[in-house]
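Open the model in your viewer and keep the selection tool ready. Each stop below says what to select and what is there.

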Amino acid sequence: MQLRMEISMTRLPRNFKTFAALLAIAAVVSGAACAADLSEPVILVASSVLDDTPFQQDVVLVTPLDQGGHIGFIINKPTGVKLQELFPDDQAAGKVKESVYLGGPEFLQTVFAVTRKPPPSAGAAVQLMPGLFAVMDSDAIDRIIATTPKEARFFLGMMVWKPGALEEEVRQSAWELRPADVEVVLDAKSSGLWKSLRGPGSYI
């Protein structure tokens with residue numbers, strides 16, 4: 001699926017030192033009892049329950065937060081927009097040939113880089129799973145674009161769940177769970193990914 005977008009984009013300033021600082025804007029600190037085991041990173045695959053919603057056929061890498069709740073990135077929705085279109089004054093952005101992905105509806109005007117290894121002294125980065133990090137501060141993203149653009153994917157926005165919310169969605173059979181996989185996040189083609197993950201042998 002390709003989604004064209006026209007939107008004014010930003011990279012977060014250096015004073016955002018952790019994801020907790022950003023997510024404090026959206027997080028709600030009350031939760032519910034958990035039926036599904038979502039204490040480790042997983043890949044969510046949208047079920048037919050989400051048909052005819054904005055999340056139809058989405059595939060999402062999700063990771064739990066220490067303070068409760070979850071964050072994640074939709075990994076199979078390229079926007080059709082190149083990074084250089086979003087930052088025309090950044091010549092290095094032309095090195096990124098792949099289009100930016102729609103990561104989710106929260107913080108939609110923010111660009112995130114998801115990469116195997118964040119630059120040294122990255123001010124705002126979080127480990128999504130072993131061998132995979134999300135980076136959001138402007139200097140670190142600039143270094144990724146300039147030095148290792150082929151080792152990252154870039155996302156507009158992200159997914160955010162308050163404590164207990166994702167567990168409830170799983171109880172309602174909105175999502176199927178798959179093992180988290182770095183190669184799926186960074187290297188898999190978005191076309192056909194949802195169908196391939198719904199096939200036999202991929203359940204956890």
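**Start with confidence**

Colour by pLDDT, the predictor's confidence in each residue, from 0 to 100. The protein chain has a mean pLDDT of 82, and 78% of its residues reach 70 or more. Select residues 1-20: here the pLDDT is below 50, yet beyond near neighbours in sequence the stretch has 69 contacts in the model (contact means heavy atoms within 4.5 Å). Residues 25-35 also stay under 50, with 14 contacts beyond four places in sequence. Where pLDDT is low, the predicted coordinates should not be read in detail.

This is a predicted model, numbered from 1 along each chain as its sequence is written; local features need pLDDT of at least 70 and side-chain atom pairs 80 or more, while totals for chains, interfaces and linings use all residues. Side-chain values use heavy atoms, leaving out hydrogens and water.

**The cores**

A nonpolar core is a set of buried Ala, Val, Leu, Ile, Met, Phe, Trp, Tyr and Cys residues joined through side-chain atoms within 4.5 Å. Buried means under 20% relative accessible area, exposed over 50%, partly exposed in between (1.4 Å probe, protein chains only).

Select Leu44, Val114, Leu132, Trp161 and Trp175: they have the most contacts inside the largest core, which has 44 residues. Strand β1 (residues 42-46) gives the most to this core, with 5 residues. Strands (E, at least two residues) and helices (H or I, at least four) are DSSP runs, numbered from the N terminus.

Centre on Trp161. Beyond four places in sequence, its contacts include Leu44, Val60, Ile71, Leu166 and Trp175. A second, separate core has 18 residues, among them Ala93, Ile141, Ile145 and Phe154.

**Backbone stops**

Go to Phe107 in strand β6 (residues 106-115). Phe107 is not a glycine, but its phi is positive, about 55°. Is Phe107 buried or exposed? Phe107 is buried, because its relative accessible area is 19%.

Next, select Ser173, in the loop between α4 (165-171) and β10 (175-179). Ser173 also has a positive phi, about 65°, although it is not a glycine. With a relative accessible area of 42%, Ser173 is partly exposed.

**Last stop: helix α3**

Select Asp139 in helix α3 (residues 138-147). Its relative accessible area is 29%, so Asp139 is partly exposed.
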